[in-house]
Amino acid sequence: MSETQDSYTIRDLAEEVRRQMSIHGSDGPKLLDGLRDPISRILASDLSNVGVKREGNHIDESRYLYYDGEMSITFDHLPKDKDIPPHDHGTWETLAIYSGQLRHTVYDRKDDGGTEGYAELGVIDDRVLDCKDMAIVAPPADIHSFTALTDDTWSVTVVGGRYGVDRAYYQPDTNSYVRLNPKRQKIV
Ligand SMILES: [Fe+2]
């Protein structure tokens with residue numbers, strides 16, 4: 001085990017997430033600023049044999065590194081070339097790339113949200129995340145889509161609270177969305 005792995009643990013990261021949330025609430029950019037260093041320390045450790053199997057929403061291989069009933073830290077294998085369509089979360093979520101490459105797009109709503117089923121999305125961040133890169137989605141801009149570009153794309157994903165029960169899945173081409181429960185219905 002490396003020095004880094006011994007000296008900075010998942011519990012340390014979880015405590016730091018809680019501390020940052022108590023300071024910044026769900027302010028995405030500020031949370032990401034505060035979490036960049038602690039998450040980087042976890043990315044530098046060997047995660048190949050840690051975690052507990054979890055049922056992922058869009059993916060086949062996901063492991064809990066930490067879960068306390070609200071906040072979670074997971075280690076997720078993102079399947080190559082599988083387009084995960086734009087969706088929201090109802091809470092903030094950070095993706096940090098442990099290995100591989102991820103095309104990642106963040107959106108916000110341009111409409112007023114007043115018409116059920118209708119949504120105009122605007123792209124506010126669209127880039128390829130390389131190893132060690134991070135992105136955050138946080139309400140009101142908690143919508144993202146992504147596609148892994150390599151076979152070995154793994155993410156350390158930190159989620160600040162429970163996901164919304166019914167989450168919106170968007171079709172930007174038609175300015176529309178549907179509400180789906182990822183646990184009950186096959187989304188992609
Ligand atoms: Fe997501």
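Q: Where is Leu95 found?
A: Leu95 sits in strand 5, residues 93-99. Helices (H or I, at least four residues) and strands (E, at least two) are DSSP runs, numbered from the N terminus. This is a predicted model, in which local features need pLDDT of at least 70 and side-chain atom pairs count only at pLDDT 80 or more, while totals for chains, interfaces and linings use all residues. Residues are numbered from 1 along each chain as its sequence is written.

Q: Is Leu95 buried or exposed?
A: Leu95 is buried, with 22 other C-beta atoms within 10 Å. A residue is buried if 20 or more other C-beta atoms lie within 10 Å of its own, exposed if 12 or fewer, and partly exposed in between, with C-beta atoms placed from the backbone.

Q: Which residues is Leu95 in contact with?
A: Leaving aside neighbours within four places in sequence, Leu95 is in contact with His104, Met134, Ala135, Ser155 and Thr157. Contact means that the C-beta atoms of two residues, placed from the backbone, lie within 7 Å.

Q: What about Ala96, what does that touch?
A: Not counting residues up to four places away in sequence, Ala96 touches Ile39, Leu43, Met134, Ser155 and Val156. Ala96 also belongs to the largest nonpolar core, which has 39 residues. Such a core is a set of buried Ala, Val, Leu, Ile, Met, Phe, Trp, Tyr and Cys residues joined through C-beta atoms within 7 Å.

Q: Which members of that core touch the most other members?
A: Those are Ile39, Ala96, Ile136, Val137, Ile143, Val156 and Tyr170. Helix 3 (residues 28-43) gives the largest share of this core, six residues.

Q: Tell me about helix 3 then. At what angle do helix 2 and helix 3 pack?
A: Helix 2 (residues 10-24) and helix 3 pack at about 175 degrees, and their axes are 10 Å apart. The axes are lines fitted to C-alpha atoms, for helices over the stretch in contact, and angles run from 0 to 180 degrees between N-to-C directions. The two helices are therefore roughly antiparallel to each other, a label for angles over 145 degrees.

Q: Which residues meet there?
A: From helix 2 come Ile10, Leu13, Glu16, Val17, Gln20 and His24, and they meet Lys30, Leu31, Gly34, Leu35, Pro38, Ile39 and Ile42 in helix 3.

Q: New topic: which residues does a cis peptide bond join?
A: Pro139 and Pro140 are joined that way, with omega about 5 degrees. Pro140 is in the loop between strand 8 (134-137) and strand 9 (143-148).

Q: What is the phi of Lys132?
A: Phi is near 85 degrees there, a positive value in a residue other than glycine. Most residues other than glycine have a negative phi, and most peptide bonds are trans. Lys132 lies in the loop between strand 7 (121-129) and strand 8, and counts as partly exposed with 14 C-beta neighbours inside 10 Å.

Q: And Asn175, where does that lie?
A: Asn175 is in the loop between strand 11 (167-171) and strand 12 (176-180). Its phi is positive, about 50 degrees, although Asn175 is not a glycine.

Q: Last one: how many helices and strands are there in the protein?
A: There are three helices and 12 strands. Of the 188 residues, 32% count as buried.

Technical notes. Parallel < 35°, antiparallel > 145°, perpendicular 65-115°, else oblique.
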